[in-house]
Protein chains: 2
Amino acid sequence: MAAATPLLKDELDIVIPTIRNLDFLEMWRPFFQPYHLIIVQDGDPSKTIKVPEGFDYELYNRNDINRILGPKASCISFKDSACRCFGYMVSKKKYIYTIDDDCFVAKDPSGKDINALEQHIKNLLCPSTPHFFNTLYDPYRDGADFVRGYPFSMREGAPTAVSHGLWLNIPDYDAPTQLVKPHERNTRYVDAVMTIPKGTLFPMCGMNLAFDRDLIGPAMYFGLMGDGQPIGRYDDMWAGWCTKVICDHLGLGIKTGLPYIWHSKASNPFVNLKKEYNGIFWQEEIIPFFQAATLPKECTTVQQCYLELSKQVKEKLSMIDPYFTKLGDAMVTWIEAWDELNPTGDHLAKLSIADGPAKK
Amino acid sequence: MAAATPLLKDELDIVIPTIRNLDFLEMWRPFFQPYHLIIVQDGDPSKTIKVPEGFDYELYNRNDINRILGPKASCISFKDSACRCFGYMVSKKKYIYTIDDDCFVAKDPSGKDINALEQHIKNLLCPSTPHFFNTLYDPYRDGADFVRGYPFSMREGAPTAVSHGLWLNIPDYDAPTQLVKPHERNTRYVDAVMTIPKGTLFPMCGMNLAFDRDLIGPAMYFGLMGDGQPIGRYDDMWAGWCTKVICDHLGLGIKTGLPYIWHSKASNPFVNLKKEYNGIFWQEEIIPFFQAATLPKECTTVQQCYLELSKQVKEKLSMIDPYFTKLGDAMVTWIEAWDELNPTGDHLAKLSIADGPAKK
């Protein structure tokens, strides 16, 4: 692999959903300032969000979203950080990094500030290994390799579409676990990056997440959450389940592990329980649905895969709750809106897949 | 989980294959001395192997193996560490830990000696999570839990059948990688234990390995390697592929990660290449075979699963080389010998599965 990680300054946007002044950016200044920010302002559009000086950004509030998408704005959630996916849609860059505004710079065990974005870029630029498990973790990392018994034909790996980073301090727990373990903190720095194997679902958290927009962007829809919806806090999970099924189908990889961010503050577990309540029941049926989901081989683009999934969602999940019919429709609207704003997206996605993985 | 790890003194045997005096045990004395050792002497049976004083052990050389198994001794490899599986067969304990005689006590990042056996016992005594991926690694570990989005119905996990430990210093590389990277050392201590997801194969290394003999023992056959065979250094890989397919079928879990041992010395890559040569080609077909292998639901014991696999091996791999017909037959002989020496093993295995996983 390349020794120096390219900055990808002109190829990456940072997407931040927020309802408040972005003071947290001060801490990230040395790492984020070279990049363009897309701020998606949630809630009251008349409120002014302050962005620290010196950052290059564009900001969209609800009025902007309604103006840009027209009736299709119905697919973008309101009063829920799910609204962030609007930022993915309006970006014109190849890579997206999205981070919550209560996430700060973490330190590695030597006490050094962790440049989360740099690690995400490293993860995205080197291949994944979804087809066979490497016991020494990421084989492409300096000082590591494939272990004995790893088939040589699989060592080129697969293009990496997603890099899922983790959290020190406040772990990403559901409301019941927060209630039971209010004092639990994640203090364990696990120095590893690994590929989630093909056929295995995982709980994707949107707090510290990067992806290749050309490879997988249209699957990164964060669903219908928050205002007027019977569910919240499942936006990133929904995106993760859909994304994983589509990555498996298209031969793309998803990495998890490094980098860590410092998650400063647990959200209110009582409020969270209210939001999650339905999801806790529903996921017991949704996850088996996604575990069993298969896509026909005619689906060769992310958009085609996603539209096929939307059909299956309506067919097979609507008996849980009428919400899933609405969600299935919103998935279609999302793709329509995506294609409107990204007329060549489909073409680009195909090109990137054909490029194949980087060679070691 | 229990705060103190039970020693399992009367429930665990340590199996060591060797051709030399076991001086390496001196370093392990504080950790291994409470346990019974089963030493499987490979090579010239007239040679005397010295065992440091104070250890409780039984030692089997080739003459003993031939005497105990009679004609069935043909299934036990000679001049290859694959012979270690004879020790699994003659043990009467619930758990096995097997270690190579060039593996020493490693240190954790704080400089403390790692009690590898204690960590293996921890791994085996708490459940695995093969059905869904937990991004914060082992959810049963102190200070960790299941993350948001992990289905509650899956949080009991599955009984853990295998604990696969790793290696600091000399990594477990194949001959080509050894030749290309003669100076590479593994210095990265990854503080994690994780479950290999269902449906994913992994390269199982026999250097630092523990398992529940009641749950999975009969699948831990290390094949026909070494003297008179066209292949070596694939003994643990073979056992790993078979074990993983059977664990997936029976709903058992396999963990990998901690504990580390210190692997002192790389074996000769030229000698290794000669041994591995055929395996490097063959694994390209063997692995897809195991990835696609399914077992009928009538197979409810490890023995039944293993005999079914032996049939499939003969049917589907014999076109690669006549060796696989011989190996398929040896798999049957192994089970016959196992059942002869362990007349109630089948019954015990069923009982253990029915016991279910420990609750958190």
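Trainee: What should I know about the model before I start?
Mentor: It is predicted, so local features need pLDDT of at least 70 and side-chain atom pairs count only at pLDDT 80 or more, while totals for chains, interfaces and linings use all residues. Residues are numbered from 1 along each chain as its sequence is written, chains are lettered from A in the order in which they are written, and side-chain values use heavy atoms, with hydrogens and water left out.

Trainee: Why is strand S2 of chain A largely enclosed by the rest of the structure?
Mentor: Six of the six residues of S2(A), residues 36-41, are buried, so the strand is largely enclosed; buried means under 20% relative accessible area with a 1.4 Å probe, protein chains only, and strands are DSSP runs of E, at least two residues, numbered from the N terminus.

Trainee: Which residues point which way there?
Mentor: A:His36, A:Ile38 and A:Val40 point one way, and A:Leu37, A:Ile39 and A:Gln41 point the other way.

Trainee: And which strand do five bridges join to S2(A)?
Mentor: That is strand S3 of chain A, residues 56-60, which runs parallel to S2(A), and A:Glu58 in S3(A) is the bridge partner of A:Ile38; strands pair if DSSP finds at least two bridges between them.

Trainee: New topic: how many residues of each chain are in contact?
Mentor: 61 residues of chain A are in contact with 61 residues of chain B, where contact means heavy atoms within 4.5 Å.

Trainee: How many salt bridges are there between the chains?
Mentor: The count is 10, a salt bridge being a side-chain nitrogen of Lys or Arg within 4 Å of a carboxyl oxygen of Asp or Glu; B:Arg155 and A:Asp174 meet in a salt bridge at 2.8 Å, N to O.

Notes:
Buried < 20%, exposed > 50% of the residue type's maximum accessible area, 1.4 Å probe, protein only. Helix = DSSP H or I, 4+ residues; strand = E, 2+ residues; numbered from the N terminus.
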